[in-house]
Amino acid sequence: TNSNAAVRYLKLYNLSTSPTVGTSTPVQVYMLPAGGGVSISLPVGMIFTTGIALALTTGAADTDTGAVALSEIIVSLTYL
């Protein structure tokens, strides 16, 4: 969920460490709509051979480093 009045972005990385936001290249980027929530279903799944890391930013570009405000985004991630 995104409680901010502006769109935010969830970025997933194939890394075993925290990503260097703006330098590490995300595997996938998801838009989190302003003031709402989103449910992302991956029926085929995604392969992360190294690990699953994530970041939240204010911009969609891989190089964006805009920080989100404290507690404005809630992410629940489940994997098998």
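I began with Asn 4 and found it in contact (heavy atoms within 4.5 Å) with Ala 34, Gly 35 and Glu 72, once its neighbours within four places in sequence are left aside. The model is a predicted one, in which local features need pLDDT of at least 70, side-chain atom pairs count only at pLDDT 80 or more, and totals for chains, interfaces and linings use all residues. I number residues from 1 along each chain as its sequence is written, and side-chain values use heavy atoms, with hydrogens and water left out.

**Entry 1. Confidence**

I looked up pLDDT, the predictor's confidence in each residue on a scale from 0 to 100. The protein has a mean of 94, and 100% of its residues reach 70 or more. Strands here are DSSP runs of E with at least two residues, numbered from the N terminus, while helices would be runs of H or I with at least four. Confidence is lowest in strand S2 (residues 28–32), with a mean of 95, and highest in strand S1 (residues 8–14), with 97.

**Entry 2. Asn 4, Glu 72 and Arg 8**

Asn 4 belongs to the segment before S1. I recorded a polar contact between the side chains of Asn 4 and Glu 72 at 2.9 Å. A polar contact is a pair of N or O atoms within 3.5 Å; within protein, one must be able to donate a hydrogen and the other to accept it, and residues adjacent in sequence count only if both atoms are side-chain atoms. I also took the C-alpha separation of Asn 4 and Val 27, which is 24 Å for residues 23 apart in sequence.

How many salt bridges does the structure hold? I found one, the term requiring a side-chain nitrogen of Lys or Arg within 4 Å of a carboxyl oxygen of Asp or Glu. The partners are the side chains of Arg 8 and Glu 72, at 2.5 Å from N to O. Arg 8 sits in strand S1 and Glu 72 in the segment after S3, so the pair ties together parts that are 64 residues apart in sequence. Both Arg 8 and Glu 72 are buried. For burial I use relative accessible area with a 1.4 Å probe and protein chains only: buried is under 20%, exposed over 50%, and partly exposed in between.

**Entry 3. Thr 57**

I found its side chain 2.8 Å from the backbone oxygen of Gly 59. Beyond four places in sequence, Thr 57 is in contact with Arg 8, Tyr 9, Lys 11, Val 21, Asp 64, Gly 66 and Val 68.

**Entry 4. Val 29**

I placed Val 29 in strand S2. Its relative accessible area is 29%, so I class Val 29 as partly exposed. The C-alpha atoms of Val 29 and Leu 12 lie 6.5 Å apart, although 17 residues separate the two along the chain. Not counting residues up to four places away, Val 29 touches Tyr 9, Leu 10, Lys 11, Ala 60 and Asp 62.

**Entry 5. Two exposed serines**

Ser 16 is in the loop between S1 and S2 and is exposed, at 59% relative accessible area. Its contacts beyond four places in sequence are Thr 50 and Gly 51.

Most residues other than glycine have a negative phi.

**Entry 6. The nonpolar patch**

Which residues make the nonpolar surface patch of about 470 Å²? I list Ile 52, Leu 54, Val 75, Leu 77 and Tyr 79. Patch members have over 30% relative accessible area and no salt bridge; nonpolar side chains (Val, Leu, Ile, Met, Phe, Trp, Tyr) are joined within 5 Å, and like charges within 9 Å. The areas come from the Shrake-Rupley method with a 1.4 Å probe, and for residues only the protein chains shown count as cover.

Leu 54 is in strand S3 and is partly exposed at 34%. Val 75 is in the segment after strand S3 (52–57) and is partly exposed at 36%. Their C-alpha atoms are 9.9 Å apart, at a spacing of 21 residues along the chain. Among the contacts of Leu 54 beyond four places in sequence are Leu 10, Leu 12, Pro 19, Val 75 and Leu 77.
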